[in-house]
Amino acid sequence: MSNLRIAVQKSGRLNEDSMQILKDIGISIDNGIDQLKASARNFPVEVFYLRNGDIPQYLRDGVVDAAIIGENILIEKGNDLAFIERLGFSKCKVSIAVPKESKANSLKDLAGKRIATSYPETVMKFLKEQNIDAQLHTISGSVEIAPNIGLADGICDIVSSGSTLFKNGLKEIEVLLQSEAVLAVSPKISEERSVILQKIQFRIQSVLKGRDSKYVLLNAPNDKLEAILNLLPGMRSPTVLPLAEEGWSSVHTVISKNEFWDIIDGLKENGAEGILVCPIEKMVL
Ligand SMILES: Nc1ncnc2c1ncn2[C@@H]1O[C@H](COP(=O)(O)OP(=O)(O)OP(=O)(O)O)[C@@H](O)[C@H]1O
Ligand SMILES: O=P(O)(O)OC[C@H]1O[C@H](OP(=O)(O)OP(=O)(O)O)[C@H](O)[C@@H]1O
Ligand SMILES: [Mg+2]
């Protein structure tokens, strides 16, 4: 059986979370530092450590079968490539920014002006769509400094917390796209390796659903049981078991992380006690 070749970023923003998700889906890799390639001990997978920016070409050429990569890089350099799963980490925006004191309020206001970026294809696409003519300066890093040194009137770069913009006296005026890490696939992947990738995707989905949910156990007075159950979504329906103490029940259910605090408040108001909230490692649906 041939191994699935999966690329992850060698070092940088995506590396740690990419390795963590592989670990969480049960793929153990003997990781020699400075190794460019490693095999999994317990799964037909080889991991290639590559630069994020180089991965689209490796996918296109079929040198790797799949990759964990920033969606923004896929849009910039791999518009012809598909991804099969959003992975929920390395969330960021690709935005247009200008000096704080600039009068520009949108990409349109940069018509005829100079824009510095590491994402020329992305900016070009938006300029074309909006029929704007602007001058692009492609630079590979420290983009945020460009307006300060007189290289450009505006920039297009990654924004996450916004602190890099703030430190450089810039303001965001338009968000071109939202990005997160994705599982991308090579158009040249063989059928045999596709089967391995499907298994990996299924495991990833189980881990991501688990990360999004909490397992909640609580004690409910029987006279409030109905009101409490009405507050709970549950996978099918909550489990209700009688407690040794007369008039009380134990309720078990799964709650989405986002709804969690709102629901907990309601549960307490209805007399729920001994509420335990546990992380879920995997949720296989
Ligand atoms: N500040 C940030 N917050 C969240 N995600 C980010 C941030 N900066 C970058 N990313 C995401 O992580 C990816 C990798 O960024 P990083 O700066 O580590 O590498 P890079 O210089 O783009 O890539 P490489 O050197 O590997 O080609 C980006 O493409 C983006 O998807
Ligand atoms: O909005 P913020 O939270 O400040 O994040 C945005 C910054 O993060 C990234 O740089 P990174 O730190 O990865 O350095 P790099 O330019 O060397 O890749 C990106 O290029 C921005 O400069
Ligand atoms: Mg970076």
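**Entry 1. The annotated span and the model**

I began with residues 51–205, whose end C-alpha atoms lie 25 Å apart, and found the span to be 28% helix and 30% strand. Here helices (H or I, at least four residues) and strands (E, at least two) are DSSP runs, numbered from the N terminus. The UniProt record, an unreviewed entry, lists residues 51–205 as "domain: ATP phosphoribosyltransferase catalytic". UniProt positions are given in the numbering used here, feature names are shortened, and annotations may be inferred rather than shown by experiment.

I noted that this is a predicted model, in which local features need pLDDT of at least 70, side-chain atom pairs count only at pLDDT 80 or more, and totals for chains, interfaces and linings use all residues. Residues are numbered from 1 along each chain as its sequence is written, while chains are lettered from A and ligands numbered from 1 in the order in which they are written.

**Entry 2. Domains**

I looked up the domain assignment, which gives domain 1 (4–89 + 180–210), domain 2 (92–179) and domain 3 (213–279). Such bounds come from an automatic or database domain assignment. I recorded 38 Å between the C-alpha centres of domain 1 and domain 3.

A residue is near a molecule or strand if its C-beta atom, placed from the backbone, lies within 6 Å of it.

**Entry 3. Ligand 2**

I then listed the residues surrounding ligand 2, among them Arg-13, Gly-141, Glu-144, Asp-157 and Ser-160. Strand S9 (154–159) and helix H5 (163–167) are the elements that give two or more residues to this shell. S9 gives the most, with 3 residues. The shell around ligand 2 holds 2 nonpolar, 6 polar and 3 charged residues.

**Entry 4. The sheet of six strands**

I traced an open sheet of 6 strands in the order S2-S3-S1-S4-S11-S5, with mixed pairing. Two strands pair if DSSP finds at least two bridges between them. Strand S2 (37–39) and strand S5 (82–86) are the edge strands, each pairing on one side only. From one strand to the next the twist averages 30 degrees. Axes are lines fitted to C-alpha atoms, for helices over the stretch in contact, and angles run from 0 to 180 degrees between N-to-C directions.

S5 and strand S11 (residues 181–185) run antiparallel and are joined by 4 bridges. Ala-82 has Val-185 in S11 as its bridge partner. Helix H1 (residues 15–24) packs on the sheet, where it touches strand S1 (4–9), strand S4 (66–70) and S11, and its direction makes about 145 degrees with that of S1. Two residues are in contact if their C-beta atoms, placed from the backbone, lie within 7 Å.

**Entry 5. The sheet of four strands**

I found 4 strands forming an open sheet in the order S13-S14-S12-S15, with antiparallel pairing. Its edge strands are strand S13 (239–242) and strand S15 (273–279). The twist from one strand to the next averages 20 degrees.

How many bridges pair S12 with S14? I counted 9 bridges, in the antiparallel sense, and Ala-220 stands opposite Ser-249 in S14. S12 is also joined to S15 by 5 bridges, and there Val-216 has Val-277 as its bridge partner. Helix H8 (residues 260–269) lies across strand S12 (213–221), S14 and S15, running at about 165 degrees to S14.

Conventions: Nonpolar A, V, L, I, M, F, W, Y, C, P; charged D, E, K, R; others polar.
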